[in-house]
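Work through these exercises with the model open. Try each task before reading its solution.

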Amino acid sequence: MRIHPAAAAPDRAAGRSLRTRLMLWSSLVQAALLLLLVTLFYLGARSLVHRQAAEQLHSLADQTARSLGNSLRSAEITGDMLLSPLGREAFDAAQLDGLLRAAVVADPNVDGATVIIEPGRVVDLPDGYACNDVLQDGSVQQSCSGQLGFDTHRRSWYRDALRASGPWWSAPYANPQAEGRLFITYSNPLRLPGELLPAGLVSVDVPLARLQQDLGELPVTVGLRATLLGPDHRVVLSSVPEIEPGMSLQRYLRLRPDLAPLFDERRPALVPGEGLDHRGSDGTRFLSRIAPLQQPGWMVVLSADRDLLLADLRDVARWAVGLGLLGVGVWLLLVRRHAIRLLQPMEALTAAARRFSAGHFHQPLPVPRHDDEVGQLTRSLEGARCSILQQMDTIARMASARERTESEMRIAHGIQQGMLAPPPRLHAGGFQLRSAAVLVPAREVGGDFQHIAQLDRTTLCFVIGDVSGNGVPAALFMARVLTVLEASMLRHRHPPTILAEAGRQIAERNQACMFATVLCGVVDVASGRFELASAGHESPLLRQADGRVRVQAMHSGPALGISTDAGYPCARGLLSPGEYLLAYTDGISEAQCPRRRWFGLDRLRDVLADEPDDRRVCTRVVDALHAFCEGAGNPDDLALVSVGRQLLWPPLRLHATATTDGLAYLLQRLVAGLHAMQVDSERVALARLVVEELGSNAMTHQHVLSRVTLDVIATLDEDGLALDVRDDGQPFDPTVVPAPDLDASVERRAIGGWGLHLVRSLSDHIEYCRRDGSNHVHLLLLPSAARTEN
């Protein structure tokens with residue numbers, strides 16, 4: 001099969017092609033075998049190296065112990081040889097001087113020797129003998145008697161020597177006569193023949209530098225750490241800088257707690273060829289061993305860095321892994337070369353299928369030259385590609401037509417909503433008439449409608465209706481009905497007359513035989529009287545000020561569009577302050593939701609009973625319906641109109657001086673005036689608190705002026721309770737005062753600013769300006785229900 005040039009270099013998704021998977025699995029198998037072999041080799045070699053390292057450490061520990069023991073034994077022999085001539089009964093000072101010099105010069109492990117004989121114990125030495133020879137800079141320096149610089153009887157080491165039963169080694173010390181070098185001393189009490197009590201002592205001094213040479217002969221490649229402990233369990237010498245000579249065993253183990261098992265008498269002793277495997281405080285792993293010296297109580301602790309012991313093995317393992325990876329790479333090159341030849345046709349076909357999944361159907365598939373499985377699959381996919389291109393063209397034409405239709409419907413929805421005039425608001429005789437309306441079509445456009453118009457300065461007229469059918473036909477018929485009703489409302493003032501004339505005009509040219517149910521009402525703001533007429537529409541609901549809801553009693557005439565000479569009865573009533581009428585279409589009361597339940601008139605009345613505000617009741621009804629339908633939307637067109645009558649109170653104006661008495665008098669008049677305006681108790685309390693805080697602030701911070709006055713204007717309207725507080729003090733903006741830190745503790749909170757923070761928190765809106773030499777603060781307090789919604 002020949003490959004089409006367009007498919008000669010197909011796109012490949014890494015990790016998805018057959019070639020990639022073949023290479024991946026081959027490399028994984030090779031790498032797994034290599035890892036297994038290297039791991040087995042490393043574990044076996046590691047065990048062997050660890051065992052050899054333990055044996056080597058055991059050998060080094062014994063060798064170091066013998067070397068240090070030989071050095072100490074040499075000093076002990078020198079001391080015994082120096083003591084042997086003193087056992088004779090006759091000797092003089094010259095002989096003793098010669099013996100001291102010979103002992104220091106002859107033994108390379110000894111840099112000093114001392115002989116002390118008590119006065120009156122030897123016949124030839126009635127005054128006693130006390131001399132010390134020290135090897136310094138290659139020459140022997142001798143100090144005798146008074147030249148020693150100390151009284152022997154006052155030295156604890158001398159008194160201890162006289163009480164000792166045999167030879168003993170001292171702890172490390174610095175010798176001031178030898179430039180402060182560190183020594184350990186081998187002391188032996190001098191007993192004359194036939195006497196039990198010592199007549200003096202003989203001692204030899206071994207420099208720690210000489211013993212350090214024995215430790216320095218240890219190999220450094222494995223990080224050995226050696227420590228020599230004396231018979232009193234004190235550190236004599238250590239290759240670790242922080243381990244000081246003379247340190248007790250307890251302090252030594254505090255620095256090296258990982259070595260504590262070596263000194264645990266309850267732990268079985270290590271057999272030859274083994275060591276203690278442990279981890280130091282710095283994380284380094286060690287292999288340690290204790291070797292005793294030939295001297296009783298002496299021992300050497302030897303620790304080797306375990307990582308350095310295995311370093312060579314790790315290098316070998318790295319080389320093995322590197323060579324293995326190189327072999328895997330060569331294997332992959334061979335696999336890739338053969339995979340290209342075998343899988344290139346399938347990869348070309350896979351690339352074409354991948355273009356199909358991405359939506360690219362215009363590039364043809366490679367032309368097969370063989371009738372094998374790949375060729376048959378290629379021809380099948382090419383046929384599917386051509387069929388898909390034809391279907392895509394058909395779908396594109398249908399989508400374009402649908403988009404045009406949807407665009408036209410959106411335009412129609414905007415036109416229909418634009419036909420609805422905003423609800424007017426009327427004021428007369430101390431009352432106001434407020435109206436609100438909601439129109440929610442089930443589709444983009446619908447057949448429900450509403451219209452509110454102002455007939456004159458004190459009279460409002462509203463209509464609400466429902467056209468038969470849904471969708472575009474209902475919307476077109478609705479536009480005609482609403483146009484006819486608006487024209488009739490301009491010529492007449494009584495609902496029966498408005499409906500009769502509109503019904504005649506609609507019925508005369510109604511070839512589609514459609515109809516509309518309509519409710520028309522006229523309300524006078526000054527008297528509260530209203531007239532209603534219904535053309536087959538639902539009766540409105542009247543919500544009284546005490547929360548009771550009733551259906552307005554009235555009779556209905558036929559729907560508009562059915563008869564040219566129909567008459568409509570008129571219903572009359574009185575709308576008292578705090579009451580409102582709610583007119584609605586059957587999309588509310590007859591709404592049926594997915595669970596086959598009806599919203600019904602009872603639920604509608606419950607919503608009205610809980611909502612005293614005529615401006616929000618329409619929205620509350622729609623929200624209640626949507627909640628009842630559980631988010632399924634409204635199954636039919638919805639329209640609602642509310643008309644409410646409220647008292648219109650004149651502004652409350654108060655004036656007082658910014659003094660304690662003046663502010664108290666102003667607050668008393670403010671509370672009384674707001675109660676007279678029928679403001680709820682919660683907002684009265686908030687208004688009193690806000691005015692009190694602003695007045696107190698004026699008294700506290702404006703005292704530099706001789707006289708400051710306060711003016712308060714309270715206005716109650718449909719937006720809420722508005723307070724305008726003015727003082728003629730110095731400029732002061734309470735809205736920019738920083739808020740106190742509420743998260744800080746009580747002790748750290750700054751004093752002041754809490755009252756203004758309270759004013760800003762309690763007000764739903766606050767503004768400040770400086771005008772005409774006075775501070776003006778405007779605040780708005782919303783009703784409780786509106787504050788909860790916001």
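The exercises below concern a predicted model.

**Exercise 1. How many bridges join strand S11 to strand S12, and which residue stands opposite Ser-288?**

Step 1. Locate the strands. S11 covers residues 285-292, and S12 covers residues 299-305.

Step 2. Count the bridges. There are seven, and the two strands run antiparallel.

Step 3. Pick out the pair. Ser-288 faces Ser-303 in S12.

**Exercise 2. Describe the open sheet that contains S27, from its strand order to the helix packed on it.**

Step 1. Write the order. Five strands run S25-S26-S27-S29-S28, with antiparallel pairing.

Step 2. Explain the edges. Strand S25 (652-657) and strand S28 (765-771) each have a single partner strand, so one side of each has no neighbour in the sheet.

Step 3. From one strand to the next it averages 15°.

Step 4. Place the helix. Helix H14 (residues 660-676) packs on this sheet and touches S25, S26 and S27. Its direction makes about 170° with that of S25.

**Exercise 3. Which strands pair with S27, and which residues are the bridge partners of Asp-724?**

Step 1. Take the S26 side. Strand S26 (residues 709-717) pairs with S27 over eight bridges, in the antiparallel sense. Here Ile-713 has Asp-724 as its bridge partner in S27.

Step 2. Take the S29 side. S27 pairs with strand S29 (residues 774-781) over seven bridges, again antiparallel. Asp-724 stands opposite His-778 in S29. Arg-726 stands opposite His-776 in S29.

Step 3. Check the cover. Seven of the eight residues of S27 (residues 720-727) are buried, which leaves the strand mostly covered.

**Exercise 4. Is Ala-199 buried or exposed, and which residues does it touch?**

Step 1. Find the place. Ala-199 lies in the loop between strand S6 (181-190) and strand S7 (200-207).

Step 2. Apply the cut-off. Buried means under 20% relative accessible area. Ala-199 has 0% relative accessibility, so Ala-199 counts as buried.

Step 3. List the contacts. Leaving out residues up to four places away in sequence, Ala-199 touches Ile-116, Ile-117, Glu-118, Arg-121, Leu-190 and Leu-192.

Step 4. Look along the chain. Ile-117 is 82 residues from Ala-199, yet their C-alpha atoms are separated by 5.7 Å.

**Exercise 5. Which residues form a nonpolar patch with Leu-323, and why does Leu-323 count as exposed?**

Step 1. Locate the residue. Leu-323 belongs to helix H7 (residues 311-357).

Step 2. Name the patch. Trp-319, Leu-323, Leu-326, Val-330 and Leu-334 form it on the surface. Together they have about 570 Å² of accessible area.

Step 3. Apply the cut-off. Exposed means over 50%. Leu-323 counts as exposed because its relative accessibility is 55%.

Terms used
Residues numbered from 1 in each chain as written. Predicted model: local features only at pLDDT ≥ 70, side-chain atom pairs only at ≥ 80, totals over all residues. Heavy atoms only, no water. Pairing = 2+ DSSP bridges. Helix = DSSP H or I, 4+ residues; strand = E, 2+ residues; numbered from the N terminus. Patch = residues over 30% accessible without salt bridge, like charges linked within 9 Å, V, L, I, M, F, W, Y side chains within 5 Å. Areas by Shrake-Rupley, 256 points an atom, 1.4 Å probe, with all protein chains shown as cover. Salt bridge = Lys/Arg side-chain N within 4 Å of Asp/Glu carboxyl O. Buried < 20%, exposed > 50% of the residue type's maximum accessible area, 1.4 Å probe, protein only. Axes fitted to C-alpha atoms, helices over the stretch in contact; angles between N-to-C directions. Contact = heavy atoms within 4.5 Å.
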